Amino acid sequence: MTKINWLDEVEKRKEALIKDTQSFLRINSVLNEEEASPEAPFGKGIEEALQYLLHKGKDDGFVTKNVDHYAGHIEHGQGDELVGILCHVDVVPEGDGWTDDPFSASIRDGKIFARGAIDDKGPTMAAYYALKIVKELELPLSKRVRIIIGTDEESSWQCVDHYFKNEEMPTMGFAPDADFPIIYAEKGLGDIRLKLKQTEDKATGTATLLSFDSGRRLNMVPDHAKATLELSGSLEEATHSFNRFIEAKGLEGGYTKEGDALFLSIKGVSAHAMEPDNGNNAGYHLAEFLHSLALDADGTAFVSFVTEKLAFDSRGKKLGIAFQDDITGDLTVNTGVFSYSQSTGGTLGVNIRFPVTCDVEAVRGKINAAAEEGGFELLKYEVAPPHHVPKDHELIQALQKVYEEQTGEKAELLSIGGGTYARSLEAGVAFGPLFPGRADVAHQKDEHIFIEDLVKATAIYAQAIYELAK
């Protein structure tokens, strides 16, 4: 067989690839539980994105299947063995501060800007075009290749749980949802929920905390926080203190007044929870300011715990759970959701990323002890175990060969704090699309993918599909 120039094959289809990627990105596929129905379990936008891909696959002559609207697949090839490519069409909420509409898929400076451009709708379209190229070249395959389309990756992974209860597990595969070269190890993922134990002590200080809200998802650093206070002391003194605080911290914030009520807000910087230090947690800053005031008993307990046990400590030192290993690095902590109401109490949603060798039960014990000490109770402690594929596995050997041939660079093996669909496979790794040296803008404002990288990743995926299934 004549040696295939995979990059040339992508270049022939570049215009269509860009156009289809933009169309796909223009679908607002953020989880919307209020719209949930049997025909759209995660909302109409996510269902629209799933149908978009399945219809495209059917029109291009692939075998397609909708698995109860929770997931779907697009398949090509023959054989008993199955190679899986795990993608997802849902995206995190858009957040604030975008230059253009986050679902406009605008092109500037050689980049496509949109929520989902890099996580994961851009890479999903790259994988689709890669399989399309293999099909159009009529290359002989001894295995089936299946693009498995998830719909709930950014939340609770109900989609893949449902899918693999009803469909076969691939022999091996990859998820185009992280970094190149190859991610062979992923940290364990923990979702923690803490609830404030309300007291009978109704004594108040110069202010009563009526409400506190920050964050939408555990796996995002909150970029906005707001609180409502009822003041018995000087309103002017409180606003002056707040202005001095945000100025000293270099923050954006503001306040409004209505009678004895003071409404405060602070802006932060969103980022993925796998490295909280890439963001600036607005909830931590607002709690820190409120901690400086003489609040009522429950309000004091809420902001004190945040400030003394969680704030600005992404490695868990304040909780006594700091840990690291040589495979996956540091344990990380992100408080992604803050919620407080004077009438119903307060809750905190915390995301923890556990190194491969970490004792998660020992961590539970330490968090429980810290919660008890701070007037909280541990309501939820759910951990997805870490994922690790041996370095000598045939999957890794094949992908290293492809990456090195396509880029001329050594295919180093990486570990991450993020969780990708690769961990849903018994033998799966994350494989691109973020090339070394590129900033990771997933979950951030002005998320984008370089068109050059989209093209290059498509070529890599096409060769990878062929090498794994030929």
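**Cavity exercises**

The lining of the second largest cavity is made up of 7 nonpolar residues, with no polar and no charged ones. The model is predicted, with local features needing pLDDT of at least 70 and side-chain atom pairs pLDDT 80 or more, while totals for chains, interfaces and linings use all residues. Residues are numbered from 1 along each chain as its sequence is written, and side-chain values use heavy atoms, without hydrogens and water.

**Exercise 1.** State which residues and elements line the second largest cavity.

Step 1. A cavity is a set of points, on a 1 Å grid over the protein atoms alone, where a 1.4 Å probe fits but cannot get out; lining residues have an atom within 4 Å of a point.

Step 2. The lining consists of Ile192, Leu194, Leu310, Leu319, Val350, Ile352 and Ile367.

Step 3. Two or more of the lining residues come from each of β10 (188-196) and β18 (345-354); strands are DSSP runs of E, at least two residues, numbered from the N terminus.

Step 4. The volume, the space filled by probe spheres set on the points, is about 30 Å³.

**Exercise 2.** Describe the largest cavity by volume, lining and residue class.

Step 1. There are 2 cavities of 30 Å³ or more, and the largest has about 60 Å³.

Step 2. Its lining holds Ile118, Pro433, Leu434, Arg438, Ala439, Val441, His448, Ile449, Phe450 and Asp453.

Step 3. β23 (433-434) and β24 (448-450) each give two or more residues, and β24 gives the most, with 3.

Step 4. By class there are 7 nonpolar, 1 polar and 2 charged residues; Ala, Val, Leu, Ile, Met, Phe, Trp, Tyr, Cys and Pro count as nonpolar, Asp, Glu, Lys and Arg as charged, and the others as polar.

Technical notes
On a 1 Å grid over the protein atoms alone, a cavity is a set of points where a 1.4 Å probe fits but cannot get out, and a pocket is an open set with protein on both sides within 12 Å along at least five of seven lines; lining residues have an atom within 4 Å of a point. Helices (H or I, at least four residues) and strands (E, at least two) are DSSP runs, numbered from the N terminus.
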